[in-house]
Amino acid sequence: MTASSFDLRGKVAIVTGGNGGIGLGMARGLADAGANIAVVGRNEAKSSAAVEDLRARGVRAIAVATDVTDKDAVAAMIARVTGELGRIDILINNAGMSIRKPPHVVEPDEWQQVIDTNLTSAFLCSKAAYPALKAASAGKIINIGSMMSIFGASFAPAYAASKGGIVQFTRACACAWAADNIQVNAILPGWIDTDLTKAARKQVDGLHDRVLARTPAGRWGDIGDFAGIAVFLSSPASDFITGTAIPVDGGYSVSA
Ligand code: NDP
C-alpha cells in the first residue's frame with residue numbers, strides 16, 4: 001500500500017448533510033484528498049458557505065438543495081450530480097436529526113420524521129446512486145450511525161431505532177452489492193460537538209459532563225475527527241472492508 005491508496009483525485013462524492021457538522025468535517029477530508037463534492041442539504045445559505053469552504057481546498061463543489069426524505073427530490077439530486085460533476089464514486093448518507101422524548105411521549109408523526117430522515121433517506125439515496133456505482137464497477141457508500149446503534153437512551157427511541165437500522169441496512173447492502181465492487185460501511189460517531197448536540201446538551205440535564213466522564217479520550221469529538229475515516233472508507237485502501245460499523249468515539253463504546 002502506498003500514499004496513492006488514499007488518493008481521491010478525480011472522484012466525485014455526495015455528502016448528505018454536508019453543509020455543517022460531521023458531514024462538513026468528512027467533506028473537507030475528502031476534498032483535501034482530491035475529491036469533488038456535492039453538498040446535499042435543505043438550508044441553501046449553509047450549503048453555499050460549505051461549497052465556498054470546499055472550493056478553497058482546490059476541488060469542484062456544488063450545492064444541491066434536497067430534502068433527502070423525498071424520493072423524487074433524491075432522484076433529481078442524483079441526476080444533477082451526474083450531469084454537473086460527471087460521475088458518482090462515493091455516497092455518504094449523513095443527514096440526520098433527533099426528537100428527544102421518551103417512548104410514551106413521542107407522537108407517531110415525530111417517530112416517522114426521525115425514521116424518514118435518518119434511515120429511509122439512506123435507502124432512497126443508496127438505491128438512487130446504485131446504477132451509477134454499478135456502471136462504474138466500483139463504489140463506496142458510508143452510512144452514519146451513532147452510539148445509539150449500540151446503546152439505548154430513554155430520550156431517543158426513534159433515533160435509536162433509526163441508527164440501529166442503519167447498521168443492519170449497511171450489512172444488507174454490503175452483501176447485496178459486493179459483487180459489484182461496491183463497499184458499504186457505517187461510521188458510529190461518539191459524542192461530537194455540532195448543532196445537533198448543542199441542542200441535546202440544552203435538553204438533557206447533565207449530558208455534557210456524563211459524556212466527558214465516560215469518554216477515555218477526555219473530550220467531546222470535533223468534526224475534524226471524521227476526515228480520516230471518511231477518506232479511508234472512500235479510498236482503495238479499504239477495498240476489502242465492507243459491512244462494518246466503525247466507532248469514532250474516543251473510546252466511549254469500550255468504556256465501562
Ligand atoms: P447537524 O445538525 O450539524 O447536521 C445535520 C445535517 O443533516 C445538516 O447538514 C442538515 O442540513 C441535514 N439534514 C437534516 N435533515 C435533512 C433532510 N430532510 N434533507 C437533507 N438534509 C437534511 O448534526 P451532526 O453533524 O451532529 O449530525 C450528522 C450525522 O451524525 C447525523 O446522522 C447524526 O445523527 C449523526 N451523529 C451525530 C452525533 C453527534 O454527537 N453530533 C453522534 C452520533 C451520530 P439542512 O438543515 O440544510 O437540511
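**Exercise 1. Helices H4 and H5**

At what angle do helix H4 (residues 108-136) and helix H5 (residues 157-177) pack, and how far apart are their axes? Then classify the arrangement and describe the contact.

*Solution.* The model is predicted.

Step 1. Take the geometry. H4 and H5 pack at an angle of about 15°. Their axes are 8 Å apart.

Step 2. Classify the angle. Angles under 35 degrees count as roughly parallel. H4 and H5 are therefore roughly parallel to each other.

Step 3. H4 and H5 make a right-handed crossing.

Step 4. List residues in the contact. On the H4 side they include Trp111, Val114, Ile115, Leu119, Phe123 and Tyr130. On the H5 side they include Pro157, Tyr159, Ile166, Phe169 and Trp177.

Step 5. Sort the contact of H4 with H5 by class. It has 14 nonpolar, 4 polar and 2 charged residues.

**Exercise 2. Helices H3 and H4**

How are helix H3 (residues 71-85) and H4 placed: at what angle, and with their axes how far apart? Classify this pair too.

*Solution.* 

Step 1. Take the geometry. H3 and H4 pack at an angle of about 40°, and their axes lie 9 Å apart.

Step 2. Classify the angle. The roughly parallel class needs an angle under 35 degrees, and the roughly perpendicular class runs from 65 to 115. H3 and H4 are therefore oblique to each other.

Step 3. The crossing of H3 with H4 is right-handed.

Step 4. Name the partners. H3 brings Lys71, Val74, Met77 and Ile78. H4 brings Leu124, Cys125, Ala128 and Ala129.

Step 5. Sort them by class. The contact of H3 with H4 has 7 nonpolar residues, no polar residues and 1 charged residue.

**Exercise 3. Aromatic pairs**

How many aromatic pairs does a search of the whole structure find?

*Solution.* 

Step 1. Start with the count. The search finds 5 aromatic pairs.

Step 2. Classify Phe6 and Phe232. Their ring centres are 6.5 Å apart and their planes are at 40°, so the pair is tilted.

Step 3. Phe6 sits in the segment before strand E1 (12-16), and Phe232 is in helix H8 (residues 227-234).

Step 4. Check accessibility. Phe6 has 29% relative accessibility and counts as partly exposed. Phe232, at 23%, also counts as partly exposed.

Step 5. Classify Tyr130 and Trp177. Their ring centres are 4.6 Å apart and their planes are at 20°, so the pair is stacked.

Step 6. Tyr130 is in helix H4 and Trp177 is in helix H5, 47 residues apart. Both residues are buried.

How values were computed
Residues numbered from 1 in each chain as written. Predicted model: local features only at pLDDT ≥ 70, side-chain atom pairs only at ≥ 80, totals over all residues. Heavy atoms only, no water. Axes fitted to C-alpha atoms, helices over the stretch in contact; angles between N-to-C directions. Helix = DSSP H or I, 4+ residues; strand = E, 2+ residues; numbered from the N terminus. Parallel < 35°, antiparallel > 145°, perpendicular 65-115°, else oblique. Left-handed = near helix turned anticlockwise from the far one by under 90°. Contact = heavy atoms within 4.5 Å. Nonpolar A, V, L, I, M, F, W, Y, C, P; charged D, E, K, R; others polar. Phe/Tyr/Trp six-rings, centres within 6.5 Å; stacked < 30°, edge-to-face > 60°. Buried < 20%, exposed > 50% of the residue type's maximum accessible area, 1.4 Å probe, protein only.
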